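The following paragraphs lead through selected features of a structure, moving from a helix to a set of strands and then to aromatic rings. Please keep the model in view while reading.

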Amino acid sequence: MPYPENGLTYKDAGVDIDAGEALVERIGPAAKATRRRGADADLGGFGGLFDLKAAGFKDPILVSGTDGVGTKLKLAIDTKRYDGIGQDLVAMCVNDIVVQGAEPLFFLDYYATGKLEVESAATVVEGIARACKDSGCALIGGETAEMPGLYAKGDFDLAGFAVGAVERDAILPKLSTMKIGDVLIGVPSSGVHSNGYSLVRKVVEKSGLTLESDAPFAPGKTLGEALLTPTRLYVKDALAAMQSGGVKGLAHITGGGITDNLPRCLPEGLDGEVDLSAITVLPVFQWLAKEAGIVESEMLRTFNCGIGMVAVADEAHADAVIAAFGGGVRIGKLIAGSGEAKVVYRGALKL
């Protein structure tokens, strides 16, 4: 194609600086709405600032986490439903750091695409800002990268970065206090959350349904809409549960399921005995298992199966912990083990 007389421009190469500036202007109010003690969420500087002293910490340890939303993003792109994917991004990061006892303080996002579409990008970032506000952390910065030739038309990717803080004497898990008989409390998930979507997409393909088909497990919703249910934000409930004084450990049930994640908050010599019959398996997981013949052990290592977080608590505080989470169920207890902690299953999932 012929180029302007004054030479080739960045826009000719596929990068529109004006679109980037328009996005920053559009998302500015959403970011400002996430302000909290210690942070001023104005965007546009080279770095985001946070004042730990102003936030009220005395002897803090910083806790950081980073994650994406995996191939759930592909479903959002295919259905052009972008309003919940920002919550997925925030949740996958802040849920990880709150289980260490940390209060999330601030968040940064990374949005990469081949050609920046301001409306869809703004919808995503505004969702990120809402989830930050709901988690009590400030959206203090981010990066939008327009990289033509690297991403296919309409594709984009997301990454998130959360930083929190916890007073030194409140770090979780409290391994030395755990003992035989401590209660395992399962906290319900909102759905598939943001793990296992490569398998989910295979099941959809095998089923012969489209993302616009009626969801077999969610009356009144399309399959795509139902599968895009945002990841639950556990931060405020988890912090309230910690205030009850009975939480000894928390496990965020992500990739690897209860099988791989619960042992991460247990000490050597203690195992988690989980009664699978106590878990209310959500309809989406029942459909996935039946549609593709996925066996129980594979379900338990791939999906949360209806339990998005597990708390370890002493018996005396178990009811208070359940109340703080707005509901939960006793799914087991700690038992004597040998060597590294593991999960011992009893009963069967109601698939």
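Contact here means heavy atoms within 4.5 Å. The model is a predicted one, in which local features need pLDDT of at least 70, side-chain atom pairs count only at pLDDT 80 or more, and totals for chains, interfaces and linings use all residues. Residues are numbered from 1 along each chain as its sequence is written, and side-chain values use heavy atoms, with hydrogens and water left out.

Helices (H or I, at least four residues) and strands (E, at least two) are DSSP runs numbered from the N terminus. Buried denotes under 20% relative accessible area, exposed over 50%, and partly exposed the range in between, with a 1.4 Å probe and protein chains only. In helix 9 (residues 283-292), the residues Val284, Phe285, Trp287, Leu288 and Ala289 are buried. The elements that cover the buried residues of helix 9 include helix 5 (197-207), helix 6 (223-227) and helix 10 (296-302). After helix 9 comes Gly293, which has a positive phi near 65°.

Attention now turns to strand 8. Since seven of the seven residues of strand 8 (residues 307-313) are buried, this strand is largely enclosed by the rest of the structure. Two strands pair if DSSP finds at least two bridges between them. Strand 8 runs antiparallel to strand 5 (residues 183-188), to which six bridges join it; Gly186 stands opposite Val310 of strand 8. Strand 8 also pairs with strand 6 (residues 247-252), in the antiparallel sense and over five bridges, and Gly249 has Val312 in strand 8 as its bridge partner.

The aromatic rings remain. A pair of such rings is described by the distance of the centres and the angle of the planes. Rings of Phe, Tyr and Trp (its six-membered ring) pair if their centres lie within 6.5 Å; planes under 30 degrees apart count as stacked, over 60 as edge-to-face and the rest as tilted. By this rule the count is five aromatic pairs. One of them is edge-to-face, because the rings of Tyr82 and Phe156 have centres 5.7 Å apart and planes at 65°. Tyr82 lies in the loop between helix 2 (72-79) and helix 3 (85-98), and Phe156 in strand 4 (residues 156-167), so this pair ties together parts that are 74 residues apart in sequence. Both Tyr82 and Phe156 are buried. The rings of Tyr111 and Phe156, with centres 4.9 Å apart and planes at 15°, are therefore stacked. This pair links distant parts of the chain, with Tyr111 in strand 2 (residues 103-113) and Phe156 in strand 4, 45 residues apart. Tyr111 is buried, at a relative accessible area of 2%, and Phe156 counts as buried at 6%.
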